[in-house]
Amino acid sequence: MSQHIHPQHFKQQSKVALADPQLRSSFRNAMDYLQDKRAQSFSEPGSFEQLQLRGEAIRKRCLNQLPELLEQLESSCTNNGIVVHWAEDAQQAREIVSGILAEENAKTVVKGKSMLSEEIALNEHLAALNIECLESDMGEYIVQLANEAPSHIIMPAIHKRKQEVAELFAKHIDGFEYTEDVDSLIKAAREVLRYKFEHADAGITGVNFAVAQTGTLCLVENEGNGRMTSTVPKVHIALMGIEKVVESLNDIPPLLSLLTRSATGQAITTYFNMISSPRQSEDNDGPNAVHLVLVDNGRSQAYSDERYRASLQCIRCGACMNHCPVYARVGGHSYASVYPGPIGKIISPHLLGLEATGDLVTASSLCGACESVCPVNIPIPALLRELRSDAKLPSASEQALKGQASHRSWLEESVWVIFRIIMTKPVLYRGLSFFVVRFSFLMPRLPAIWGPQRSNPKPSTKTLHQLMRERKKNS
Amino acid sequence: MSAIPIRLYPEQPKQVYLYASCLVDMFDPNAGIAALQILEAQGIEVLWLEQQSCCGQPAYTSGYTDSAMKVAKQQFELFDTDIPVVVLSGSCAGMLRKHYPSLLEKECDSDALAKFSNQVFEWGEFLLNICQIKLLDKGETTKAVVHNSCSARREMGIAETTMRLLKQMDKVELVEPKYASECCGFGGSFAKRHQDISLAMVADKAKHLLETQASFLLSADWGCLLNINSYLEQQQSGMRGQHIATFIWQRCYGGEL
Ligand code: SF4
C-alpha cells in the first residue's frame with residue numbers, strides 16, 4: 001500500500017494512465033476476456049437473474065441480523081477451538097496480528113490473498129517489525145516483488161505483462177534464467193513458495209465467507225496456496241471483514257457459484273477450503289492454532305446508514321470493475337484506494353472519508369454497467385449519487401460519513417441554485433434558452449467546456465418552444 | 001436493476017403530453033417537431049406544456065438533490081396524471097419514471113407519483129408498443145448505426161425496443177458497432193469534471209461507430225449525441241448523429257424539416 005499515492009490525486013493519476021497506450025490495451029484486453037468468461041458461464045437465459053435474486057436475498061437477510069450472526073460466529077468458532085479477535089480499526093487489526101505473531105515467536109509469514117490485509121496495510125506493519133511476509137498468491141507475489149499495490153481485487157497483477165514479470169523474477173529469484181515462457185515463470189515462483197510454505201512460522205489468509213451456525217471459514221482460490229498457507233505453518237491467522245458472515249451452510253452454494261462465475265467465469269474454483277478448527281489429535285496435518293480477526297474499519301458506519309448498507313452485500317467478485325468503462329481506461333492504480341473500480345468508489349468513502357475520496361465518487365458517468373452484473377444486485381449508481389449528495393451536505397448525525405460537506409464549493413453550489421431558479425420559472429427558462437439560441441454563434445468562441453478535443457455543442461437557431469409558438473400561431 | 005420488470009402497455013390514448021427535454025429544446029428543436037408530427041400522424045392529440053423546462057437530472061446526478069427536487073416538483077405538478085407523457089429521451093424518461101417517485105416522496109402524493117411514473121414512456125417505446133406503429137420506409141437503401149444511451153438500455157430497458165422500431169424500415173441496414181453497450185462518456189457533469197476519462201470514452205465510441213462505415217448515426221438521446229457529435233466535429237469526421245425521430249420523419253413521412 002505504500003505506493004498508493006492518494007485517492008485525492010485520482011485525476012492526475014488517471015491522466016498518467018490514460019496516456020499509457022500499453023497499459024490501456026492490457027486492461028482492455030483483460031477486461032474483454034473476463035467479460036466473455038462471465039457471459040459464457042451465465043449463458044443460459046435467466047440463469048444470472050435467478051441466481052442473483054437468491055444471492056441478494058441471502059446477503060440482505062444476513063446483513064439484517066449482522067450483530068446476532070457475529071455473536072453466533074464467535075461462539076461457534078470458540079467452541080471449535082478457533083480464537084476470535086475483534087478489531088475496530090486498521091491499527092487494532094495490525095496490532096492483533098503482530099501480537100499473535102510475537103506470542104508464537106513467528107519471524108516468517110506466508111500470506112494467502114487478502115484484500116483486507118491490504119486495507120489494514122499489514123505488510124508494511126510486519127516489515128517494520130522485521131517479520132518477513134511473503135505473498136503466496138501468484139499475482140500478489142508479483143506485485144510484492146515489484147513493490148506495487150494490487151490493481152484488481154481478483155487479479156492483483158493484471159496490469160503486468162509477462163516481460164515485466166520475467167524481469168522481476170530475474171532480479172529477485174536466485175538462479176532464475178530469464179524466460180518469458182509462462183509455465184516456466186509459474187514453476188520458478190512455485191519453487192520459491194514451496195520452500196517458504198515449509199519454513200514459515202505462520203500463515204495469514206483472508207476469508208470469503210464465514211458460517212455463523214457452524215463456525216466454518218470458507219476460502220476460495222485456484223492455486224492451492226490458500227490451502228498450503230492455512231495448513232502447513234503451525235499458526236493460521238484468518239482476517240475477515242465483519243460483513244462476510246452468513247447464517248448457515250445452505251447459504252454458501254449460491255454465493256460461491258455467483259462469486260466464481262462473476263469473477264472468472266468458473267463454475268467452481270480449483271480449491272474451496274472450509275476451515276472449522278485447528279488440527280485435531282487424529283488429523284495428519286493442519287495448524288496447531290487458528291485465529292480469526294474480525295475487522296470493522298468503517299463497516300459499521302456504512303451499516304448504520306440504511307442508504308449505504310447495501311454496499312456491505314459485496315462478495316468481492318470484481319465483476320463491477322471488469323465491466324466498468326472508467327476502470328478499463330484508467331486501470332486499478334489510478335484510484336489509489338485499496339479497492340478500485342465501482343465497488344471501491346462506494347466503500348472507500350466509509351474507509352477513508354469523503355474528503356479523500358470525493359473525486360472517486362464523481363468519476364462515473366453512472367452508466368450502470370456495474371449494477372447490471374453485480375451478483376448481489378448492489379445499486380452502485382444510486383449509492384454514488386447519495387455519496388455525491390452527502391459530499392455537499394453538512395453532517396446531520398453522529399454516524400455521518402467522515403468528510404461530509406467536504407466537497408462543498410460555493411461557486412458550484414450557486415450554479416445549481418441558478419439552475420433551480422431558472423428551471424422552475426418557465427419565463428426565465430424560456431428567456432435563457434432564447435438567449436442561448438440567439439447567441440449560439442458565440443458558442444465556438446467560448447472556452448472549450450469539454451477540453452480541446454471536443455468542440456462546444458452548438459445550439460440551434462430557434463428553440464422548440466419558439467417553433468411551437470409559431471406553429472400555434474399559424475394553425 | 002438487472003432484471004427490469006416486463007412492462008405492460010395500455011391501449012393507444014387520445015391525448016399525450018410531449019416532453020421534449022431541454023437538450024432537444026435548445027439543440028435540436030426539429031427533432032421535437034418531427035416527433036410531434038409522427039405522434040399526430042397516429043391520430044393522437046399532442047399537448048405541449050409551455051412551462052416544461054428540464055427534468056432536473058443534471059442537478060440530481062451531480063448530488064444537488066435539493067435543487068433537483070425543486071425542479072422535479074415544479075415539472076411534476078404541470079401534468080395531469082391521467083394523460084401519458086411521451087419523452088424524447090431515454091434518460092429523461094428514466095428520470096421521470098424511475099427517480100421522481102423517490103425524489104418527490106416527501107413533497108408529493110405517493111399515489112399520484114406512482115400513477116405518473118406509470119404514464120411515462122420514451123417516444124420510440126410509445127410508438128412501437130402502444131401505437132403499434134408500422135413504418136413504411138420510402139428512403140434510399142442505406143446503412144445506419146444506432147447508439148443507445150445507458151439509461152435507455154439499463155434503466156428503461158428499451159434498447160431493444162428502439163432497434164425493433166428502426167428495423168421496420170426495410171431499406172435501412174442496421175449495423176452493430178463493437179462495444180455497442182458501452183457508455184459514450186457523457187454522464188452530464190462527468191464529461192466536464194473528468195474530461196480526460198470522458199474523452200477517452202468518447203474517442204473509443206466514435207472509433208467503433210466510424211468503423212461500421214454507416215451513413216447514419218442515430219440515437220434516441222440528445223445527451224449522448226451532444227457528446228459524440230462534439231467529438232466528431234472536432235475530429236472533422238463526416239459522421240454526425242441525429243435523433244431517430246428526425247430520421248423516421250424524413251424517410252417514412254417524406255417530411256422536410
Ligand atoms: S460490488 Fe458487486 S460486482 Fe462489485 S465486487 Fe462487489 S459483488 Fe462483485
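In this predicted model, the buried residues of helix α17(A) are Leu354(A), Ala356(A), Thr357(A), Gly358(A), Asp359(A), Leu360(A), Val361(A) and Thr362(A). The helix spans residues 354-362 of chain A and is mostly covered, with eight of its nine residues buried. Those buried residues pack against α1 (10-18), α16 (341-352) and α19 (380-390) of chain A, together with α10 (190-193) of chain B.

Phe435(A) itself counts as partly exposed because its relative accessibility is 49%.

In chain B, four strands form an open parallel sheet in the order β2-β1-β3-β4. Its edge strands are β2 (45-47) and β4 (120-122) of chain B, each of which pairs on one side only. From one strand to the next, the twist averages 35 degrees. Within the sheet, β1 (residues 15-19) and β3 (residues 85-87) of chain B pair in the parallel sense over three bridges; Leu18(B) has Val86(B) as its bridge partner in β3(B).

Two helices of chain B lie across strands of this sheet. Helix α5 (residues 90-103) of chain B lies across β1, β3 and β4 of chain B and runs at about 165 degrees to β4(B). Helix α6 (residues 110-119) of chain B lies across β3 and β4 of chain B, at about 20 degrees to β4(B).

Over all chains, the structure holds 33 salt bridges. Side chains of opposite charge can pair when their charged atoms come close. The table gives three of these pairs.

| Salt bridge | Closest N and O atoms |
|---|---|
| Arg28(A) with Asp32(A) | 3.7 Å |
| Lys178(B) with Glu211(B) | 3.7 Å |
| Glu211(B) with Lys207(B) | 3.9 Å |

Arg28(A) and Asp32(A) are separated by about one helical turn, because they stand four residues apart in helix α2 (residues 21-41) of chain A. Arg28(A) is buried, with a relative accessible area of 14%, whereas Asp32(A) counts as partly exposed at 23% relative accessibility. Both residues belong to a network of salt bridges that also links Arg24(A), Arg329(A), Glu182(B) and Asp204(B).

In chain B, Glu211(B) forms salt bridges with Lys178(B) and with Lys207(B). Lys178(B) lies in the loop between β6 (172-175) and α10 of chain B, while Glu211(B) lies in helix α11 (residues 195-211) of chain B, so this pair ties together parts that are 33 residues apart in sequence. Glu211(B) and Lys207(B), by contrast, are four residues apart in helix α11 of chain B and are therefore separated by about one helical turn. An α-helix has 3.6 residues a turn, so residues three or four places apart point the same way. Lys178(B) is partly exposed at 48% relative accessibility, Glu211(B) is partly exposed at 40%, and Lys207(B) is partly exposed with a relative accessible area of 44%.

Terms used: Residues numbered from 1 in each chain as written. Chains lettered and ligands numbered in written order. Predicted model: local features only at pLDDT ≥ 70, side-chain atom pairs only at ≥ 80, totals over all residues. Heavy atoms only, no water. Buried < 20%, exposed > 50% of the residue type's maximum accessible area, 1.4 Å probe, protein only. Pairing = 2+ DSSP bridges. Axes fitted to C-alpha atoms, helices over the stretch in contact; angles between N-to-C directions. Contact = heavy atoms within 4.5 Å. Salt bridge = Lys/Arg side-chain N within 4 Å of Asp/Glu carboxyl O.
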